[in-house]
Amino acid sequence: MEHLTLVCCETDIGVKSQRAIADPVLLNDKRVLANLLATEDKYLPHTCYFNCVQTDIEPYMRKMVAEWMAEVCSEKGMEEEVFPLSVNYLDRFLCVRNIKRTRLQLLGAACMFLASKLKQSTPITGEDLVMYTDHSISLEDLTEWESLILHLLKWDLSAIVPNDFLDHILHRLPLAPYEWVPIKRHAQTFAALCATDCRFMQTPPSMIACCSIGASLRALKGHSDQNIFNLHMITGIDMDLIRSCMEQVEQIVRTCFTPAAPQNQHSSVEQDSSNPKQEQPTTPTDVREINIVSMESSHPPHPQAIPLVY
C-alpha cells in the first residue's frame, strides 16, 4: 500500500499570522478556476442601490466609509482578503435594506467584524472597532448589526473577491516565480482601490483581478498586447473589456496620486487650505496612504478614531 506524506508549509509574514503556502494541486487544477468563474456572479450586488433602495446614502458616503474600512484593516495588519470581503458584505446589505447615513459607519464596522472572523486566525476585537469610531457606536450596536447582516445575507459569507483569482491567474502567466511577489502586491493595491470606487461595485471579481494584474504588468514591465492576450486566454474575458477596465484602474491610481483635488461639495466640514492633499475632510487619511504606503512600508499610517460625518 502506497503511503502519502502530508506536508504543511507556512510562510512567515511578520506582523500577520502565519499562513500556508499556495497549494500547487489547487493551482494546477483547472476546475478550481472554472468554479470560481462560474460562481462569482452570485455574490455581486444585484443593483445600483443608490437609485432604487437607499434614500439617504449617496456614492461619496460609500467611498468615505470604504476608505475608512481600508485604513482600519491596514492599521490592524489584517489579511488582504478582509477588506474586499467586508466591502462585499456592505454592498450586498445595502442592496436589500435601506438605512440612514448615520448608521453607515456602524454597518462598515460590523462587516469588518464578520470578515475578520472568517479570514483571520485572530480577528479584530469589537472594542477596537468601537475605538476606531471614536465610541460613536457601542458593542451592543456592533453585535446587533452583526446578527442583522448574517440574517439578510442568509449566512452566505464565503463570497468570491478579486484576491481569490490572483494566484490562479499569476500561476498561468509566463512569469518567473520571483516576479509574482511585486506583481501580486501591486495587483492587491489596485484591487483595493477598486473596492473604494462605486464604479466597480457590479464589476465581476475576475475582471478586477485580471485588470489589476494587467495594470501591474504594464507598470512594472511596460505595455504588451501579449499580456492582455494571455489574460484573455486564462479567464475568457474579452480583450477589449480588459483594455477598457485597465484604463479605468490606471485612472483611479493616477487620481490617487494627484497632489490636489477639488473639495467635495457634499462635505459638511470645510477643507483645510493648508493641507492640499486632503480630499475628504472627514475621511481619516488619504486613500493613497492606505493602499500604497501601508502595503510597502513597515510603518503604516495610524487611522484616526473618528465618527464619519457626511
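Analyst: In this predicted model, the contact between H11 and H12 is made by Cys210, Ile213, Gly214 and Leu217 on the H11 side, which meet Asn227, Leu231 and Thr235 of H12. By residue class, this contact divides into four nonpolar and three polar residues, with no charged residue.

Two packed helices are described by the angle between their axes and the distance between the axes. Helix H11 spans residues 205-221 and helix H12 spans residues 225-235; their axes come within 10 Å and cross at roughly 160°. Because angles over 145 degrees count as roughly antiparallel, H11 and H12 are described as roughly antiparallel to each other. The crossing of these two helices is right-handed.

The pair formed by H5 and H6 may be set beside this one. Helix H5 covers residues 82-94 and helix H6 covers residues 104-119, and their axes come within 8 Å, crossing at roughly 130°. H5 and H6 are therefore oblique to each other. H5 passes H6 in a right-handed crossing.

On the H5 side, the residues in contact are Val82, Leu85, Ser86, Tyr89, Leu90, Phe93 and Leu94. They meet residues of H6 that include Leu104, Leu107, Gly108, Cys111, Met112 and Leu114, and also Ala115, Ser116, Leu118 and Lys119. The residues of this contact between H5 and H6 divide into 13 nonpolar, three polar and one charged.

Notes
Residues are numbered from 1 along each chain as its sequence is written. This is a predicted model: local features need pLDDT of at least 70, side-chain atom pairs count only at pLDDT 80 or more; totals for chains, interfaces and linings use all residues. Side-chain values use heavy atoms; hydrogens and water are left out. Axes are lines fitted to C-alpha atoms, for helices over the stretch in contact, and angles run from 0 to 180 degrees between N-to-C directions. Helices (H or I, at least four residues) and strands (E, at least two) are DSSP runs, numbered from the N terminus. Angles under 35 degrees count as roughly parallel, over 145 as roughly antiparallel, 65 to 115 as roughly perpendicular and the rest as oblique. A crossing is left-handed if the near helix is turned anticlockwise from the far one by less than a right angle, and right-handed if clockwise. Contact means heavy atoms within 4.5 Å. Ala, Val, Leu, Ile, Met, Phe, Trp, Tyr, Cys and Pro count as nonpolar, Asp, Glu, Lys and Arg as charged, and the others, Gly among them, as polar.
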